[in-house]
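Hi there,

Here is the structure I promised to send over. Have a look at it first, and my notes on the aromatic rings follow below.

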Amino acid sequence: MEHAITPLEPLLPSALLKACADGGANRLYDVTEGERESFLPEFISGDFDSIRPEVREYYAIKGCEIISTPDQDHTDFTKCLEVLQRKIEEKDLQVDMIVTLGGLAGRFDQIMASVSTLFQAPQITSLPIIIIQEESLVYLLQPGKHKLHVDTGMEGDWCGLIPVGQPCNQVTTTGLKWNLTHQTLSFGTLVSTSNTYDGSGVVAVETDRPLLWTMAVKL
Amino acid sequence: MLKLQYFAHLLRTVNSLEKTLMLGKFEGSLKYCLVILNQPLDKCFRHLWHKALLKACADGGANRLYDVTEGERESFLPEFISGDFDSIRPEVREYYAIKGCEIISTPDQDHTDFTKCLEVLQRKIEEKDLQVDMIVTLGGLAGRFDQIMASVSTLFQAPQITSLPIIIIQEESLVYLLQPGKHKLHVDTGMEGDWCGLIPVGQPCNQVTTTGLKWNLTHQTLSFGTLVSTSNTYDGSGVVAVETDRPLLWTMAVKL
């Protein structure tokens, strides 16, 4: 079975549900000064060691659900996805994708934690999850065949395939400038970075193990 | 003020399979080379610069050095600048060339500028017969996600290039790849930040044991999808011991 996705498609339509993970609420609060009422999330979840008290209070007063997820064995991001999946099911929403903003810069351990959440995501939700920050996007390709449509015009110059977590021993691609044919991607052997497109508008990737796709986004 | 003993303490490792690194018996005696990558340069580079035995820029790293040393550029001349030169600005390249810095083209597109810079650096260390304890790299942990991963990938390739330990620092993050075996990390310099972590980037690490952390591991598996140690911290003992069966990325906060 082949999975098809247009990674940059969500930049066009509007979100069905909006959520903040802990300190993400601070970011939203600060950047929407003067128009905060137009940017109210459905819920804010987390262990609340980052959210400022006045921010939490503001969104609570405005009717946003404040959901405490204190479990220290999982990150705020992971727990937020669990709450989101629950709400999607409760509201019986038809959803194609979860778009996450942030997570790819700042503390190195937290960047890695974001990627780790993508590995845990299939146990939480069947929906594809993309993470975007600044000009970078990441998306975890599960074992199997994938077709990535990269012809929206918002693709930047670079892309890559990163075997985070384990070697991928049988990787085959088309649509890239430097393609792979049944090759191994592995830290220490070969990691595909600074790759680019061949102009066909479609990248096909087949992998035997989870493989992280990353690309430039022109926002 | 960055104390050089910080790095000495950090890298005083005891590895049961390899030779012991005895570093930094005296404050500031750590012998290191400096590599600058193409990311905003942290202010700490000034303190690191003058005691470095060799200083090098990887391609666009030269732009960063050039811009941040305006008015005092002659005090910050690298021994060499290497790369495929698709990032360095022409006027920057010309400036450093005129000032006597070696400009070394490394066009190989199968390896990153960082990896190739390490190769050149190792060659120069051997040619000059320098005693070096460590390679300190600034940059590489922010910006384009593929390039962050490429920096980490270079650490995996490094043992084939040099036997020297390599640390990468940018802003408040430091990364260092622990090879299989036992490691002792001294984290009592006072410049350690709050957080640390162990990241099984390239493959699961099936037998990981630690002491000195708030959340220690005992013969446990670290693996993406199972358990990755992030937002960990210290138990106050000042030493973290890690034993691992596979290469494992140590990361920690640095208060620069």
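Let me begin in chain B: the charged end of R73(B) sits over the ring of Y66(B), 3.5 Å from the ring centre. (A charge sits over a ring if NZ of Lys or CZ of Arg is within 6 Å of the ring centre and within 35 degrees of the ring normal.)

Before going on, please note that this is a predicted model, where local features need pLDDT of at least 70, side-chain atom pairs count only at pLDDT 80 or more, and totals for chains, interfaces and linings use all residues. Residues are numbered from 1 along each chain as its sequence is written, chains are lettered from A and ligands numbered from 1 in the order in which they are written, and side-chain values use heavy atoms, leaving out hydrogens and water.

Over all chains there are 12 aromatic pairs. Rings of Phe, Tyr and Trp (its six-membered ring) pair if their centres lie within 6.5 Å; planes under 30 degrees apart count as stacked, over 60 as edge-to-face and the rest as tilted.

In chain A, Y58(A) and Y59(A) have ring centres 5.2 Å apart and planes at 80 degrees, so they pair edge-to-face. Y59(A) is buried, at 0% relative accessible area (buried means under 20%, exposed over 50%, partly exposed in between, with a 1.4 Å probe and protein chains only). Y58(A) counts as buried too, at 18%.

Best wishes
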